[in-house]
Amino acid sequence: MKKFLVSSLVLAATGCAYSQTTITLSGSIYAGLGFNSGGASVRTALGGPSSFMFSGKEDLGGGLSALFKLENAFNADTGNTASAAFFDKQAFVGLQGPWGTVRMGRIYTPSFATLALVADPTGTFGVFTATNLMESHGVRLNNGIIYNSPGFNPWTYARKGFFGALAHFFGESPTGGSSQNSATGFNFGYGAGPLDIELSHQRSNLYTNPTLDVDSKSTIVAANYKWGNAKLYLAYSDNSARNQVNQARVKDNTDVLLGVSYPLGRGVLSASYIRKDNKLVPQNDANQLGAMYEYFLSKRSKVTLGFARIHNRNPDRPYRVVNGYAGTTAATAGTTAITLGMTHRF
């Protein structure tokens, strides 16, 4: 009996060893100078938005896999984490099969996935990222559960044919239940050959106190098309919000993006123009023009020169170039930024 138990334990341990998840460490490190003007002062800052990620996938048999990702954002200029949450970029576990993928945890919203993966030539990785001026659609939210159809692989971000996603992020209010500070969103699209096209919609609630309970909704449609060596980008979003306590509108704007990327020498030249039409009074329209050249030293390393400028119709309420590549915060940012930096992916 003892021999049987020992043999069973050995076999069980061996079986577990064979079914262990293969864990991969990956990420990117960026560091560079940002020259900023148009703010309180002309300044030069060292920026460094970087991240590392643990990810793993286990084959469960029958076409089913378990997967997870844990991703931390940190600043290479200081070595500090980008926020108080350690895995602030992604933290999820899920199942993937022939029927699609279900993930739970801290995940990207479907609308931000449309903005980053379809609309923005930079993928939101650059000084003229679309998030400087366009709605970010929450980027990523906590307490989420998302389903992606088989046409979109959230592991590789590859699209094939028709696809869609549906997500809900449960509220975090300690007193108001799961509806407060919650969000629901979806996207659907088509990707094949030279064309990617996608539509997303999201409804969110932001509860601050009994007098500030804001419901918002955002819709974005985006497409990119490979035309010869060039890739063309087009996006339009409509965004509105209302305080449910007094029915006052607190947001009403539309965004339009036109972009292009083109291989040039050992690198890629990309550019975009964004126009924000703010319909609230006083009018606070703005536009952004940006360009970037990425010179590849290898498959993993590149040097980047970038430029972004925001022109504000209402200088008393300006939009600013606020991102890690410019080395700026809301308090230090200006309206023009030039960056020179290096990225290494591992």
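I began with the charged pairs and found that the side chains of Glu 198 and Arg 159 meet in a salt bridge, 3.2 Å from N to O, a salt bridge being a side-chain nitrogen of Lys or Arg within 4 Å of a carboxyl oxygen of Asp or Glu. This pair links distant parts of the chain, with Glu 198 in strand E12 and Arg 159 in strand E9 (residues 158-159), 39 residues apart; helices (H or I, at least four residues) and strands (E, at least two) are DSSP runs, numbered from the N terminus. I then looked up the cover of both partners: Glu 198 is buried at a relative accessible area of 3%, and Arg 159 is buried at 18%. Here buried means under 20% relative accessible area, exposed over 50%, and partly exposed in between, with a 1.4 Å probe and protein chains only.

I noted that this is a predicted model, in which local features need pLDDT of at least 70 and side-chain atom pairs count only at pLDDT 80 or more, whereas totals for chains, interfaces and linings use all residues. Residues are numbered from 1 along each chain as its sequence is written, and side-chain values use heavy atoms, with hydrogens and water left out.

**Confidence**

I looked up the pLDDT, which is the predictor's confidence in each residue, from 0 to 100: the mean for the protein is 91, and 93% of its residues reach 70 or more. Over residues 1-18, however, the pLDDT is below 50, and beyond near neighbours in sequence this stretch has 0 contacts in the model, a contact meaning heavy atoms within 4.5 Å. Where pLDDT is low, the predicted coordinates should not be read in detail.

**Further salt bridges**

By the same cut-off I have a count of 9 salt bridges. One of the pairs that I checked is Asp 255 with Lys 276, whose side chains meet at 2.8 Å, N to O. This pair also links distant parts of the chain, Asp 255 lying in strand E15 and Lys 276 in strand E16, 21 residues apart, and both residues are buried. Salt bridges that share partners join Glu 135, Lys 251, Asp 255 and Lys 276 into one network.

I also looked at Asp 252, which forms a salt bridge with Arg 249, the closest N and O atoms being 2.6 Å apart. In this pair Asp 252 is buried, at 14% relative accessible area, while Arg 249 is partly exposed, at 46%.

Strand E11 (residues 183-192) and strand E12 (residues 195-209) pair in the antiparallel sense over 10 bridges, and Phe 186 stands opposite His 201 in E12. Their hairpin has 2 residues between the strands, and in it Gly 193 takes a positive phi near 60°. Onward from E12, 14 bridges join this strand to strand E13 (residues 212-227), again running antiparallel; the bridge partner of Tyr 207 in E13 is Asp 213, and a hairpin joins E12 to E13 through 2 residues.

**Surface patch**

I recorded a nonpolar patch on the surface, formed by Ile 197, Val 221, Leu 234, Tyr 236, Val 256, Leu 258, Tyr 273 and Leu 289, with about 660 Å² of accessible area together. Patches are made of residues with over 30% relative accessible area and no salt bridge, like charges being joined within 9 Å and nonpolar side chains (Val, Leu, Ile, Met, Phe, Trp, Tyr) within 5 Å; accessible areas come from the Shrake-Rupley method with a 1.4 Å probe, and for residues only the protein chains shown count as cover. Strand E14 (230-243) and strand E15 (248-264) each supply at least two residues of the patch. Tyr 273 is found in strand E16 (residues 267-278) and is partly exposed, at 33% relative accessible area.

**Loops and a helix**

I placed Val 281 in the loop between E16 and strand E17 (286-296), where Val 281 counts as exposed at 80% relative accessibility. Val 281 and Asp 252 are 29 residues apart in sequence and 9.9 Å apart in space, C-alpha to C-alpha.

I placed Arg 317 in the loop between strand E18 (301-312) and strand E19 (336-345). Arg 317 touches Pro 282 and Asn 284, not counting residues up to four places away in sequence.

Last, I checked helix H2 (residues 110-119): 9 of its 10 residues are buried, so the helix is largely enclosed by the rest of the structure. The buried residues of H2 include Phe 112, Leu 115 and Val 118.

Technical notes: Two strands pair if DSSP finds at least two bridges between them.
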